[in-house]
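Good morning, colleagues. Please look at the structure on the screen while I take you through a hairpin and then the ligand site.

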Amino acid sequence: MQKISQKLGEHYSETFKQFGSTSEGVDWGSDEAKLHLRYRKMLAVMDNHPSTPVRARPSLLDVGCGFGGLLQYANNMGLDFDYTGIDVAQNMIDWAASAHPEGRFFCQDFLDFEPEKNFDYVVCNGILTQKLDTPGREMDDYAQKLIRGMFEVCRSGVAFNAMTTRVNFFSDNLYYRDPLGLAAWCIAELTPHFRIDHAYPLYEYTIYLLKEPR
Ligand SMILES: C[S@@+](CC[C@H](N)C(=O)[O-])C[C@H]1O[C@@H](n2cnc3c(N)ncnc32)[C@H](O)[C@@H]1O
C-alpha cells in the first residue's frame, strides 16, 4: 500500500470509530446536506450520456467509498446501478458490506487494484481533499496517479473533487489544487472531453472526464 493511502486510511478509520456512519465519520464536517450535495455532484457523471443509459444497469466504482454513503444516497433517490466500493479503511468496509449486501466492497488501496473488468462510471468523493501532513508536491503526484488509474478502468466517465485554490483561507491539512491547472493536466494527459463544475457553494470543484463527447 502507498504511504499516503495508509496515512489517509488510518485517519479516516479514526474519524469513523468516533462518529460512525455520518458526515463527520468521513471527516466532511457535521452538515449532512453538504455531503449529499457532493454525492449529487458525483452521480451527475451519469447525466447526458449520448445513449442514456449506457446499459440497463450501469456499473459504478466508488473509489474511497468510506461507509458506502453514496450507495445509500443513490438508493434513497431510487437510482439503480451495479455498485462496487473500494476503501483502505477496514472498519468502514466491514460496516458498508454488512449494511449494503446489494453492493460489492473491497478493502484495498485503489492504486493496487486490478479489477477483472472495467466500470461504466468511476467516482471519487474526497480522496483529493485532505493531505494531512503530506507535502504538496507528493500529493500532486499521488493525485495524478489516482486520476490516471480511475480513467484507465472506466468505460464512460470519471468524476472526482478537489479543494479549489480560489479561496481566501488555507488549512495546512487540506489539499488545494488549482482548478485550471488540473483541468489542463487532464486535457493534456487523459481526454479533451471534460467538464468542470466550480459553481456550487463549497470550497471545491468537481471534474468530469469522459471517454467520448456528450
Ligand atoms: C473523505 S472520505 C470520503 C468517503 C466517501 N467517499 C464519502 O464521501 O462518504 C475519503 C475516503 O477515501 C479513502 N481512501 C483514501 N485513499 C484511498 C485509496 N488510495 N484507495 C482507497 N481508498 C482510499 C479513505 O479511507 C476515506 O474513507
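Strands β6 and β7 form a hairpin, with six residues between them. Helices (H or I, at least four residues) and strands (E, at least two) are DSSP runs numbered from the N terminus. The model is predicted, so that local features need pLDDT of at least 70 and side-chain atom pairs count only at pLDDT 80 or more, while totals for chains, interfaces and linings use all residues. Residues are numbered from 1 along each chain as its sequence is written, and side-chain values use heavy atoms, with hydrogens and water left out.

β6 covers residues 194-197 and β7 residues 204-210; they pair in the antiparallel sense over four bridges, where pairing requires at least two DSSP bridges between two strands. Within this pair, Arg195 stands opposite Tyr208 in β7.

I turn to the ligand. Around the ligand are 22 residues, of which Tyr39, Gly64, Asp87, Asp109 and Asn125 come nearest; a residue counts as near if one of its heavy atoms lies within 4 Å. α1 (3-19) and α2 (32-43) each supply at least two residues of this shell, and α1 gives the most, with four.

Which polar contacts does the ligand make, taking pairs of N or O atoms within 3.5 Å? A ligand oxygen is 2.7 Å from an N or O atom in the side chain of Tyr39. A ligand nitrogen lies 2.9 Å from a polar backbone atom of Phe110, and a ligand nitrogen is also 2.9 Å from an N or O atom in the Tyr142 side chain. Taken alone, the ligand exposes 600 Å², of which the protein buries 99%, by the Shrake-Rupley method with a 1.4 Å probe.

Methods
A polar contact is a pair of N or O atoms within 3.5 Å; within protein, one must be able to donate a hydrogen and the other to accept it, and residues adjacent in sequence count only if both atoms are side-chain atoms.
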